[in-house]
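Okay, everyone, thanks for coming. Let me put the structure up, and then I'll walk you through it piece by piece.

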Amino acid sequence: MTRRAAARTLTYLSLVLASLVVLLPLGVVVLTSLKTDEELADDSGALTLPDDPLNFHNYVTAFQDGRMLAAFGHTAFILLFSVGGTVLIGSMTAYAIDRFTFRFRKLVVALFLLAALVPGVTTQVATFQIVNSLGMFDTLWAPIALYMGTDIVSIYIFLQFVRSIPVSLDESARLDGANAFTVYRKIIFPLLKPAIATVVIVKGITVYNDFYIPFLYMPSQDLGVISTSLFRFKGPFGAHWETISAGAVLVILPTLIVFLALQKYIYNGFMKGATR
Amino acid sequence: MADTTEKPAVGHPGARPVPGDAPVPAPAPRRARFWRRLTPWLFLAAPLALLIAFTYAPIVNMVAFSFTDWDGVSPELHYTGTENYTELFTRSDLFEVFFVSGYYLAASAVQIVAALYFATILSFNVRFRNFFKGVLFFPYLINGVAIGFVFLYFFQDGGTLDSVLALFGHHSDHAWLGTPASANTSLAGVSVWRYLGLNFVLFLGAIQSIPGELYEASELDGANRWHQFRHIILPGIKPVLTLTVILSVSGSLSAFEIPYIMTGGATGTETFVIQTVKLAFQFNKTGLASAAAVVLLLIILAVTWLQRRLVPDDRVDLV
């Protein structure tokens, strides 16, 4: 019995320790974001509480001087189009592959399967030239096109789901005179709602957090998304940790809210996305 | 695109033959058949165009560039044979990045073991389970740049880590990001902090899909927790475990965000991808960078292939 109790204590101890390791770096940044630069300079250490816990001055600075409003706008724009596009493209592909038999079907499937193995980071050297030649370099359309065009995982998720919709539904609609497009729009697409939710969440979080693609393809200062705008804090705010911290908290906060609200879907989504 | 030859037909709306247009009934089924054949391609046109433009065309181009001395801008380029590849493997400063990957590989081993541990204990009855699960997973969702800044402050002189150590009476003025070994260890540690949550949730999901009767039966047979882990959990999560190993290997080789944001590749923390990006976009050595990218791609494909060979995955027959 005592051995059991000891084991339980150790279990909880390790969990509490792990939680501290996760939360402490984040908590300290929240504390720092509420301090004034004098407080930071007086060498009292990172763990002290701010004198005024309601000092939101740094947030105002970060939001205005860091151009966070424009950044959130750009991110929202990219999110809307790339997530919408991913849903359309993924569901259309899944519908075509699962519901039709056509020549080269195997080849098409193999092309999508093989593409899933190619990590995006490796091909950017050459992708850059293509984006450039399409005239999309340094526009918001570059990340939108890339996010839409290189997402094989959501095609997988849709494919699994389309397969679970009984073909008899399509057939009865066909008998009523619906064509393929109507079947897709009126029957398949509405039934895909759970898969759409998964893809929207996973894709949305990935796009919101992505740094690499906007960094490479939108170097101009006026086209900052939240990742690149926050990254640019490094220059002007150099050693102003209170402003940088406020910027980081501003970026993390929406993620935290979404996570708390949609926990279950998020776990499921990332599980499906990774194990495809 | 495969449907270019059939494009003119798109102008005609509706698949049904117009009455009076065809005096003989024979052409009608032919036309309908043509439309039936065309339909899947109409759905696939946009996805395939994107797939080819942004995945296959770059790969083909990249392989082609890798045999040239192109600088990425000038119209002039020369075929140089395998020179880029020779340079890549003989210039020690270019080759060094692979040693940096070693830190991340070691870190992923730690990460997998820790994720397995937490997934196992949280699959049993634990109080505040959802809280702990959420806390462990949340870092995976955080923006990489924000994580970079959080940990720059963490490792700062007089920052979070130094302050915590001071609480325990250990006053150090060690510059955590100051030497290559210390900096790489710190950065790899940040990667563990960031990615542990995904592995953990994957393992937890796999463990929870193991039928509960198995545990009950084993308890009747007198099995303890370790026996249960060894003989029930471990075999049950094997597919997810191998998948995680693959993801970790390719993730370690293509580490970019954390080191780039935190140190920019300074003090010996340059990774393969940072080096490639610098070669391509700072030093305009598109040819050499392409060769590097081809090598990375081949390594990752080889690792994936190896995994598929070693562990025949029954989910591959998806399509």
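So, start with residues 97-307 of chain B: that span is 76% helix and 0% strand, and its end C-alpha atoms sit 24 Å apart. Why pick that stretch? The unreviewed UniProt entry annotates residues 97-307 of chain B as "domain: ABC transmembrane type-1". Keep in mind that what you're looking at is a predicted model.

Let's zoom in on one element, helix 5 of chain B, which covers residues 129-137. Which residues of helix 5 are buried? They're Phe132(B), Lys133(B), Leu136(B) and Phe137(B). Those residues cover an arc of only 125 degrees around the axis, so they end up on the same side of helix 5 of chain B. Over on the other side of helix 5, Asn130(B) and Phe131(B) are exposed. And what do the buried residues of helix 5 of chain B pack against? Within chain B, they meet helix 4 (97-123) and helix 8 (180-208), and from the partner chain there's helix 1 (2-33) of chain A.

That takes us over to chain A. Here again we have 14 helices and zero strands. The radius of gyration of chain A is 24 Å, well over the 19 Å that the globule rule gives for 276 residues, so chain A is more spread out than a compact globule. Along its principal axes, the C-alpha trace of chain A spans about 75 × 65 × 35 Å. Buried residues come to 41% of the 276 in chain A. As for contacts in chain A with a separation of 6 or more, 76% are between residues 24 or more positions apart.

In the unreviewed entry, the label "transmembrane region" is given to residues 12-34, 71-95, 107-128, 140-159, 195-218 and 238-262 of chain A. Residues 71-95 of chain A are 100% helix and 0% strand, with the end C-alpha atoms 35 Å apart. Residues 195-218 of chain A come to 88% helix and 0% strand, and there the ends are 31 Å apart, again by C-alpha atoms.

Next, how do the chains meet? 73 residues of chain A are in contact with 71 residues of chain B. Helix 14 of chain A, residues 241-275, gives the most to the side of chain A that touches chain B, with 14 residues. By class, that side of chain A has 54 nonpolar, 18 polar and one charged residues.

Last bit: confidence. The model scores ipTM 0.91 and pTM 0.86. Chain B averages a pLDDT of 83, and 88% of the residues score at least 70. Where is the pLDDT of chain B under 50? One such stretch is residues 1-26, for which the model has 18 contacts beyond four places in sequence. Residues 315-319 of chain B are below 50 as well, with six contacts beyond near neighbours in sequence.

Definitions and conventions: Residues numbered from 1 in each chain as written. Chains lettered and ligands numbered in written order. Predicted model: local features only at pLDDT ≥ 70, side-chain atom pairs only at ≥ 80, totals over all residues. UniProt positions renumbered as here; feature names shortened; annotations may be inferred. Helix = DSSP H or I, 4+ residues; strand = E, 2+ residues; numbered from the N terminus. Contact = placed C-beta atoms within 7 Å. Nonpolar A, V, L, I, M, F, W, Y, C, P; charged D, E, K, R; others polar. pLDDT = per-residue confidence, 0-100. Buried ≥ 20, exposed ≤ 12 C-beta atoms within 10 Å, placed from the backbone. Arc of directions from axis to C-beta. Rg over C-alpha atoms; globule rule 2.2 N^0.38 Å.
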